[in-house]
Amino acid sequence: MTSSGGSGPRRTGRERAAEARRQQAAADRRRKQLIVGGVVVAIVALAVLIGVLVQHNQSNSNKNARNAYGAGQPFAAPSGVVPSPGSASDPGAIVYGKAGAKVTVEVDEDVRCPFCKEAESFFGATNKEYADAGKIQVHYRLVDLIDRNGGGQGSLVGGSTLACAADVGQAEFIAFHDLIYTNQPNETNDAYGSVDTMLNLASQVPNLRSATFDQCARSGKYAQWIKDNYNWLSKKLGGSVGTPDIYIDGTPFTLKDPNAVPGTQQTADYKAALDAAVAKQG
């Protein structure tokens, strides 16, 4: 049926009712979509909030554990550090090598630092060879850089446990030192923050483990020494701490990108620098 005056077809009551139902259904769908969208947004926001809270709580937990390690212990330096005795203002370095060596190599390092592991792989064997031959004396200063920048306590616990090895002897210290870098976990893995992990690793070094050594590690006897060495290095470098730092008789020797300078070439360059320093001292 059409209406007069050409105004178009007239819809029946049934058609109008059907159209109203379609419009209502469409409105219901939009309303459901808005509700679902709102719920999704709320869930995402809640998940983000939970993640932030978990991270915050984990960070606080890590910080509390780090602060607790060695808490209440007076400042103490490992056996044989130079300068001696160590102090909070200059905690001193652990010595490897013979007393008569005329050349000093200073190594500032962090047991969690991946670049320190790289430097050890390039220069560690040379340091031991030259030190054992009486050509150089190596001074190791251990710091907690990675803990401070990335959280955790592996630098502190691992470094302090390594420092305990210096009380046992040079041979045990350097063997444990090498083992720590050989087994170093990824920088983001705080495995060295566990005293048990460090003690299990120390068990691989002959004559290192004892009740005295274990107590030294568990008590955090040298935790403050590690922290004060960081402060000493920060002051020396004007607040910009990076590891490793290597000095041959006070002259910096820089670890380079192995993609630009292969490790074999860096080892050769390092030996040449040592040889020149030894020749200069006569």
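## Salt bridges, cores and a cavity in a predicted model

The side chains of Arg218 and Asp196 meet in a salt bridge, with N and O 2.7 Å apart; the term denotes a side-chain nitrogen of Lys or Arg within 4 Å of a carboxyl oxygen of Asp or Glu. Because Arg218 lies in helix α7 (residues 211-219) and Asp196 in helix α6, the pair ties together parts that are 22 residues apart in sequence. Helices (H or I, at least four residues) and strands (E, at least two) are DSSP runs, numbered from the N terminus. Arg218 is partly exposed, with a relative accessible area of 47%, and Asp196 is partly exposed at 41%. Here buried means under 20% relative accessible area, exposed over 50%, and partly exposed in between, with a 1.4 Å probe and protein chains only.

The model is predicted, and local features need pLDDT of at least 70, side-chain atom pairs count only at pLDDT 80 or more, and totals for chains, interfaces and linings use all residues. Residues are numbered from 1 along each chain as its sequence is written, and side-chain values use heavy atoms, with hydrogens and water left out.

A search of the whole structure finds 10 salt bridges. Among them is that of Asp190 with Arg112, whose closest N and O atoms are 3.3 Å apart. This pair links distant parts of the chain, 78 residues apart: Asp190 is in the loop between α5 (170-182) and α6 (195-202), and Arg112 is in the loop between β2 (103-109) and α2 (114-132). Asp190 is partly exposed, with a relative accessible area of 26%, whereas Arg112 is buried at 6%. Asp132 and Lys128 form another salt bridge, with a closest N to O distance of 2.9 Å. These two residues are 4 residues apart in helix α2, so about one helical turn separates Asp132 from Lys128. Asp132 is partly exposed at 35%, and Lys128 is partly exposed at 33%.

Asp228, in helix α8 (residues 223-236), is buried yet has no salt bridge. The nearest side chain of opposite charge, that of Arg148, is 6.9 Å away; Lys and Arg count as positive and Asp and Glu as negative, while His and the chain ends are not counted. Leaving aside neighbours within four places in sequence, Asp228 is in contact (heavy atoms within 4.5 Å) with Phe75, Ala88 and Pro91.

The largest nonpolar core has 56 residues, of which Ile94 and Phe176 touch the most other members. Such a core is a set of buried Ala, Val, Leu, Ile, Met, Phe, Trp, Tyr and Cys residues joined through side-chain atoms within 4.5 Å. Not counting residues up to four places away in sequence, Ile94 touches residues including Pro78, Val138, Tyr140, Phe173 and Trp225.

A cavity is a set of points, on a 1 Å grid over the protein atoms alone, where a 1.4 Å probe fits but cannot get out, and lining residues have an atom within 4 Å of a point. Grid points are joined across faces, edges and corners, and a volume is the space filled by probe spheres set on the points. The count comes to 1 cavity of 30 Å³ or more, and the largest cavity has a volume of about 80 Å³. Helix α2 supplies the largest share of the lining of the largest cavity, 6 residues. Val107, Glu109, Cys116, Phe123, Tyr140 and Ile246 are among the lining residues.

Methods: 1 Å grid on protein atoms, 1.4 Å probe; cavity = no way out; pocket = protein on both sides within 12 Å on 5 of 7 lines; lining within 4 Å.
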